[in-house]
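Hi,

Here is the structure I promised to pass on.

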Amino acid sequence: NLILAFETSCDETSVAVVENGTKILSNIVATQIDSHQRFGGVVPEVASRHHIEWITRCTDQALAEANVSYDDLAGVAVTYGPGLVGSLLIGVTAAKSTAWAHHLPLIPVNHMTGHLYAARYVGEFKYPQMALLVSGGHTELVYMKSEHEFEIVGETRDDAAGEAYDKIGRVLGVNYPAGKTIDEWAAKGKDTFHFPRAMEKEDNLDFSFSGLKSAFINTVHNAEQRGEKLNKYDLAASFQQSVVDVLAEKTMRALDQYPVKQLILAGGVAANHGLRSRLEHDMQKYHPDVTMLQAPLKLCGDNAAMIGAAGYMDYEHGDRAKLDLNAEPGLMYSEKN
Ligand code: ATP
Ligand code: MG
Ligand code: FE
């Protein structure tokens, strides 16, 4: 069964063709990073205009690369939330038109479920499982009891991990999104600053990154005022060590509290090399019987292939949307259709 999937929740216009939720026939991602960089973040109006310009080309290219036509498809999956309303609407409209014109079922997909399903390309899901979902807008521990029963058991109380990377990157003059560069710099430095690890020892599964962000920014500004230039590699390494320590510690705590078969690592920040290797180490040490699926590096950021994988699961489950499907900017896991 072939699913045509659309993803336009933020600043990536993406269309994919996926077979049985496990094989990517094509995954076109048109990033708008260049257009937003000079603003230091995503500008919603600019984003939706880009989606309008690119969505048709991406769709044609996805079908051509997969070498399939509309007649071969079993359904059309689309991200309908959470995300920027103006961006979501472009994908939702494209998916609805396609479904209507070609008499195909329309499958509504939650963007965060999509992120989780990027890991489905690495192996089968084994329930119950726990997920550490770290992205530009979310940082959460998700207890996945079954295919359709997800519960957030821990989450950030302020900034998301990716957001913190982007904000401290800005202070170091790194273009948005900064995560990848900071990750690379971190590999060249050492944790010499010992920034705070917020809530690390607290008996809950929540996170907080705004204190770390402030500590980082103050350190850099104070040094600037003294006319001192700090080593950017050590700054990056110190910041990353603090983030990774907290994420790993809380994930291990979640696994102590919830017996599961598997751990999933997904979301844009799941591309972080420090986090990936730390979790591999900790899982072997503390939870050797729990398997781990880390989303493939290329599928950590926003893409339609992950929506196709989640969409296929929803399709099999019988989830269908009518043609009045609307964008839901604040969509939660529990709200289905
Ligand atoms: P959400 O999915 O929560 O709606 P989003 O879609 O904007 O937000 P993603 O595309 O999943 O977020 O992830 C983008 C974020 O990942 C950015 O903040 C970026 O800096 C961060 N990121 C990307 N690569 C890395 C990396 N190697 N290390 C740390 N952060 C990274
Ligand atoms: Mg993005
Ligand atoms: Fe995302």
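Let's start with Phe216: apart from neighbours within four places in sequence, Phe216 is in contact with Ile168, Phe195 and Phe239 (contact: C-beta atoms, placed from the backbone, within 7 Å). Phe216 sits in helix α7 (residues 210–225); helices here are DSSP runs of H or I with at least four residues, strands are E runs of at least two, and both are numbered from the N terminus. Phe216 counts as buried because 24 C-beta neighbours fall inside 10 Å (the cut-offs: buried at 20 or more other C-beta atoms within 10 Å, exposed at 12 or fewer, partly exposed in between).

A word on the source: this is a predicted model, where local features need pLDDT of at least 70 and side-chain atom pairs count only at pLDDT 80 or more, while totals for chains, interfaces and linings use all residues. Residues are numbered from 1 along each chain as its sequence is written, and chains are lettered from A and ligands numbered from 1 in the order in which they are written.

Now the strands. Eight of the nine residues in β4 (residues 73–81) are buried. β4 pairs in the parallel sense with β1 (residues 2–7) over five bridges, and with β5 (residues 106–110), again parallel, over five bridges (pairing takes at least two DSSP bridges between two strands).

Cheers

Notes:
Contact = placed C-beta atoms within 7 Å.
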